[in-house]
Amino acid sequence: MLTPAITAQPVLEFAADVRDGLTKPQKELLSKYLYDDVGSALFEVISVLPEYGLTRADERVLQRNGYDIVERLSLPLVVAELGSGSGKKTRWLLKALARRQHTAYCPIEISPTALAMCKRELGDMDSISIVGFEREYLDGLAEVAARRKSNQHLLVLFLGSTIGNFDRPAGMQFLRDIRGTLLPGDSLLLGTDLLKPIPQLLEAYADPLGVTAAFNKNLLARINHDLGADFELPYFEHVARFNNQARSVEMHLMSKREQTVTIPGAGFSVRFVEGETIWTESSHKYSKDEVFQMAGDSGFRCEAQWIDTEWPFAESLLVAH
Ligand code: TRP
């Protein structure tokens with residue numbers, strides 16, 4: 001059963017975040033706002049695009065190694081997933097776990113649509129009970145941690161490449177924050193996309209069909225819809241760039257001409273010069289050794305790592321000590 005929805009993002013907070021972001025010298029919008037109903041549905045399409053190998057790699061690793069991963073865990077445990085999305089790839093892990101114990105699975109999502117999809121996707125599994133939390137990651141995790149029984153370990157899933165959406169220092173801080181809610185012996189299964197040739201990375205984030213462009217521009221449509229703004233979508237272009245220093249793919253929305261946009265719901269107007277961008281997301285890429293280092297620096301030990309052979313992507317098992 002899903003817990004009753006707790007609205008995590010009132011419009012006022014959205015308005016304040018839009019205002020903060022668009023008044024910075026490098027304009028930006030927080031990537032969490034990409035995932036409204038339309039955005040979440042478009043991301044599901046991105047994940048099946050031929051150019052975006054990441055989600056399939058993640059799923060293959062879990063499908064092929066689910067039993068091996070579960071073998072290494074101390075039971076009994078409760079599973080909390082940060083950002084479950086549709087929950088499709090989690091099935092492989094839950095399936096392996098269900099053979100060993102009845103499992104409480106707690107997806108933590110800011111998107112009610114994703115939570116509903118996840119429940120639909122996994123609701124048929126025997127020996128799995130789903131308790132959804134419509135919360136920000138760390139709030140939800142603290143709640144799951146507080147509810148577990150004293151003999152239960154916690155397994156946190158942070159799959160896909162969401163850690164990569166933080167810059168490196170913030171990613172480290174996030175790992176430390178997760179560690180702070182865990183007890184020794186609890187674990188974190190962490191997905192990281194690995195460095196690969198730049199043209200391949202850029203195609204993954206600027207597909208020829210334009211789905212990623214639609215996903216990114218939907219954020220402007222959302223501001224129009226929720227805050228009464230007048231962004232003209234045809235005058236913005238989706239751009240993906242590789243940042244060599246940060247080792248990240250950056251997503252931007254570039255203004256194709258000089259223009260002023262009014263955002264009544266946030267009480268301001270914003271001017272763009274031609275070529276100016278709004279930065280919406282960065283996706284950092286790692287080496288497999290770097291993950292061991294990050295684990296060690298945040299109070300974990302990396303016990304094992306599984307890497308996809310077709311699309312370099314790692315799933316790493318970090319144990320809290
Ligand atoms: N954040 C995910 C990633 O780094 C999802 C994503 C794919 C994404 N394409 C995007 C986010 C384009 C923003 C813009 O892979």
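Where is serine 127 found? I looked this up and found serine 127 in the loop between helix 5 (112-122) and strand 4 (128-130). I took helices (H or I, at least four residues) and strands (E, at least two) as DSSP runs, numbered from the N terminus. Phi of serine 127 is near 65°, which is a positive value in a residue other than glycine.

Notes on the source. I am working from a predicted model, in which local features need pLDDT of at least 70 and side-chain atom pairs count only at pLDDT 80 or more, while totals for chains, interfaces and linings use all residues. Residues are numbered from 1 along each chain as its sequence is written, and side-chain values use heavy atoms, with hydrogens and water left out.

Entry, cis peptide. I found a cis peptide bond joining leucine 75 and proline 76, with omega about -5°. Proline 76 sits in the loop between helix 3 and strand 2 (77-82).

Entry, helices 3 and 4. I looked up helix 3 (residues 54-71) and helix 4 (residues 90-98): their axes come within 8 Å and cross at roughly 20°. Helix 3 is therefore roughly parallel to helix 4. Angles under 35 degrees count as roughly parallel, over 145 as roughly antiparallel, 65 to 115 as roughly perpendicular and the rest as oblique. Axes are lines fitted to C-alpha atoms, for helices over the stretch in contact, and angles run from 0 to 180 degrees between N-to-C directions. The crossing of helix 3 and helix 4 is right-handed; that word applies if the near helix is turned clockwise from the far one by less than a right angle, and left-handed if anticlockwise. On helix 3 the contact (heavy atoms within 4.5 Å) includes Leu62, Tyr67 and Val70, and on helix 4 it includes Trp92 and Leu97. By class I noted eight nonpolar, two polar and two charged residues in the contact of helix 3 with helix 4. Ala, Val, Leu, Ile, Met, Phe, Trp, Tyr, Cys and Pro count as nonpolar, Asp, Glu, Lys and Arg as charged, and the others, Gly among them, as polar.

Entry, helices 6 and 7. The axes of helix 6 (residues 137-147) and helix 7 (residues 168-181) come within 9 Å and cross at roughly 20°, so helix 6 is roughly parallel to helix 7. Their crossing is right-handed. Tyr137, Leu138, Leu141 and Ala145 of helix 6 make the contact with Phe174, Asp177, Ile178 and Thr181 of helix 7. I noted six nonpolar residues, one polar and one charged there.

Entry, helices 2 and 9. Helix 2 (residues 37-46) packs against helix 9 (residues 211-227) at an angle of about 160°, with the axes 9 Å apart, so helix 2 is roughly antiparallel to helix 9. The crossing of helix 2 and helix 9 is left-handed. Among the residues that meet are Leu42 and Phe43 in helix 2 and Phe215 and Asn218 in helix 9. The contact has eight nonpolar, three polar and no charged residues.

Entry, ligand. I found 13 residues around the ligand (a heavy atom within 4 Å), the closest being Tyr52, Asn165, Tyr205, Glu281 and Ser283. A polar side-chain atom of tyrosine 52 lies 2.4 Å from a ligand oxygen atom, and one of tyrosine 205 lies 2.7 Å from a ligand oxygen atom. An N or O atom in the side chain of glutamate 281 is 2.9 Å from a nitrogen atom of the ligand.

Note on methods. A polar contact is a pair of N or O atoms within 3.5 Å; within protein, one must be able to donate a hydrogen and the other to accept it, and residues adjacent in sequence count only if both atoms are side-chain atoms.
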